[in-house]
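User: I would like to go through this structure with you, one question at a time.

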Amino acid sequence: MAIHYGDGTTSNNGRIIQVLQAHKSGTTTYSGGQTWSGNIGGLTQSITMSDSNNKVLAFWMVCVSARSGVYSAQTRFVRGGTVLGAGGVHNTDQVASSNHYYTSHDSYSDRTFSNMGNGFLDSPGSGTHTYAIQIRGGYNSNNVYINRLFSNDAWSHIGSASSFLTLMEVSHS
């Protein structure tokens, strides 16, 4: 169904065709160091396009924690084996990622989350496409945690978190 504007014109562009979401409420410990993980369980979502000209608008939020003392983690957004929306690499030691997180030197950053979120507009073409979030640590000997604090304290003022990946097929002609 076309969108009808006040000036008499019509358009299908921008109409949301379908919305799908992957939601992760459980926790994951990633111990793979500086190697990208496979797709994070619970943060993978497939979408079947209704028209090859349409686009996929994606939004995601991943709640991450790591050890205090300037440790780090990166996430990236992928469609199949293709990395999407990653920053450029400006020297040989940098990592192309969608988000980057550092802890601080203080004794409290292992009790904090970083909400790493982003968005991307993709033109995948026809068919079914699988999108996902991947993660890696900045150091080989330190774990990265999703949806839980590094300290994993069981105090009444310590919360938990959840992460999500939302895909929207947007009409485009």
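User: Which residues have the most contacts inside the largest nonpolar core?
Analyst: This is a predicted model, and its largest nonpolar core has 22 residues. Within that core, the residues with the most contacts are Phe 77 and Tyr 131.

User: Which strand gives the most to this core?
Analyst: At least two residues of the core come from each of β6 (55-66), β7 (72-79), β11 (128-137), β12 (144-146) and β13 (163-170). With 5 residues in the core, the strand that gives the most is β6.

User: Is Val 83 buried, partly exposed or exposed?
Analyst: Val 83 has its place in strand β8, which covers residues 82-84. Its relative accessible area is 34%, and the class in between runs from the limit for buried, under 20%, to the limit for exposed, over 50%. Val 83 therefore counts as partly exposed.

User: What distance separates the C-alpha atoms of Val 83 and Tyr 131?
Analyst: Once residues up to four places away in sequence are set aside, Val 83 touches Arg 76, Phe 77 and Val 78. Along the chain, Val 83 and Tyr 131 are 48 residues apart, and the separation of their C-alpha atoms is 9.8 Å.

User: Is Ser 37 buried or exposed?
Analyst: Ser 37 lies in the loop between β4 (28-30) and β5 (44-48). Leaving aside neighbours within four places in sequence, Ser 37 is in contact with Tyr 30, Gln 134 and Ile 135. Because its relative accessibility is 11%, and the cut-off is under 20%, Ser 37 counts as buried.

Conventions:
Residues numbered from 1 in each chain as written. Predicted model: local features only at pLDDT ≥ 70, side-chain atom pairs only at ≥ 80, totals over all residues. Heavy atoms only, no water. Helix = DSSP H or I, 4+ residues; strand = E, 2+ residues; numbered from the N terminus. Buried < 20%, exposed > 50% of the residue type's maximum accessible area, 1.4 Å probe, protein only. Contact = heavy atoms within 4.5 Å. Core = buried A, V, L, I, M, F, W, Y, C linked by side-chain atoms within 4.5 Å.
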